[in-house]
Amino acid sequence: YRLRIDDERWTWQLFSDATRELNRLDERDAAAAGITGALRLFPAMAAEVVVNDLGGGDSRVYSVERGGAVTEGPLPRQLPGAWRRPLPVEPRPLLVGGEPVGELRLRLARPVRFNRRDRHMLAAFGDALAAALHDAATHDELRSITERSSYDAVHDPLTGAVNRAALLADRDLETYVDRDLIGAEIAYTRRIAAKYGWPVIDVTR
């Protein structure tokens with residue numbers, strides 16, 4: 001009885017460690033942690049996770065065989081060795097708020113009947129992996145928006161040239177424009193104003 005309790009404690013500690021490893025902000029890192037963690041938790045010879053593109057693009061798949069390296073690629077793809085054999089597969093849909101994020105698949109070495117604990121563990125691990133992949137995708141999208149907004153804030157939308165806001169924000173104006181050119185523009189403006197008056201000056205030039 002004591003041995004069974006110790007085994008249960010060890011198993012759930014392993015589950016806790018594998019779940020904690022999922023906290024990554026990069027999709028590949030989260031997917032790799034998911035499939036390597038699944039091999040530590042379940043009696044599988046290979047694992048893969050299919051990740052749906054939230055933007056409607058092609059799905060991506062990350063695979064690993066026990067003792068091997070993580071591979072990635074688009075779907076459809078050439079199946080790795082363990083997946084070409086007619087062996088049983090244990091799938092787990094990955095959902096966040098009812099929306100599909102992807103699917104975790106375990107390639108079993110032999111027909112294995114998951115007991116109640118294993119199924120609860122697979123469901124909980126799948127939920128944690130789905131949340132991690134969703135968070136990684138959201139983080140990547142927010143980073144792209146931030147980078148684009150930062151670029152747009154200091155560049156003209158038509159020409160792509162650095163705009164006035166960037167020039168004023170930069171303390172070293174010589175980084176963008178030549179001081180002699182500024183002096184020439186000022187002198188030209190003064191000549192026009194002296195000849196025709198200030199109302200004709202286009203201050204937006």
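Glu-72 is partly exposed, with a relative accessible area of 46%. Here buried means under 20% relative accessible area, exposed means over 50%, and partly exposed lies in between, with a 1.4 Å probe and protein chains only. This is a predicted model, where local features need pLDDT of at least 70, side-chain atom pairs count only at pLDDT 80 or more, and totals for chains, interfaces and linings use all residues. Residues are numbered from 1 along each chain as its sequence is written, and side-chain values use heavy atoms, with hydrogens and water left out.

Glu-72 sits in strand E3. Helices (H or I, at least four residues) and strands (E, at least two) are DSSP runs, numbered from the N terminus. Setting aside residues up to four places away in sequence, Glu-72 touches Arg-28, Val-61 and Tyr-62. Such a contact means heavy atoms within 4.5 Å. Val-61 is 11 residues from Glu-72 along the chain, and their C-alpha atoms are separated by 5.6 Å.

## Overall make-up

The protein has 6 helices and 5 strands. From the N terminus, the elements run α-α-β-β-β-α-β-β-α-α-α. Of its 205 residues, 28% count as buried.

The accessible surface comes to about 13,800 Å². Carbon and sulfur atoms hold 54% of that surface. These areas come from the Shrake-Rupley method with a 1.4 Å probe, and for residues only the protein chains shown count as cover. Among contacts in the protein with a separation of 6 or more, 50% link residues 24 or more positions apart.

## The sheet

The 5 strands form an open sheet in the order E3-E2-E1-E5-E4, with antiparallel pairing. Strand E3 (71-74) and strand E4 (89-96) stand at the edges with a single partner strand each, so one side of each has no neighbour in the sheet. The twist averages 20 degrees from one strand to the next. For these angles, axes are lines fitted to C-alpha atoms, for helices over the stretch in contact, and angles run from 0 to 180 degrees between N-to-C directions. Two strands pair if DSSP finds at least two bridges between them.

Now follow the order across the sheet. E2 and E3 are joined by 4 bridges and run antiparallel. Val-61 stands opposite Gly-73 in E3. The hairpin of E2 and E3 has 5 residues between the strands, and Gly-67 takes a positive phi near 85 degrees there. E1 and E2 pair over 6 bridges, in the antiparallel sense. Strand E1 (residues 44-51) and strand E5 (residues 99-108) are antiparallel too, over 7 bridges. Ala-47 faces Val-64 in E2 and Leu-106 in E5. Glu-48 has Arg-105 as its bridge partner in E5.

Leu-94 is bridged to Gly-102 in E5. E4 and E5 form a hairpin with 2 residues between them, and Gly-97 in the turn has a positive phi of about 60 degrees.

## The nonpolar core

The largest nonpolar core has 31 residues. A nonpolar core is a set of buried Ala, Val, Leu, Ile, Met, Phe, Trp, Tyr and Cys residues joined through side-chain atoms within 4.5 Å. The residues with the most contacts inside this core are Val-49, Leu-106 and Leu-133. Helix H1 (2-20), helix H2 (27-41), E1, strand E2 (60-65), E5 and helix H4 (116-153) each give two or more residues to the core.

What does Val-49 touch, not counting residues up to four places away in sequence? Its contacts are Ala-31, Ile-35, Arg-60, Val-61, Tyr-62, Leu-94, Glu-103, Leu-104, Leu-129 and Leu-133.

In H2, 11 of the 15 residues are buried, so the helix is largely enclosed by the rest of the structure. Among these buried residues are Glu-27, Ala-31, Ile-35 and Leu-39.

His-139 is found in helix H4. Its relative accessibility is 31%, so His-139 counts as partly exposed. Glu-27 lies 112 residues from His-139 along the chain, yet their C-alpha atoms are separated by 9.4 Å.
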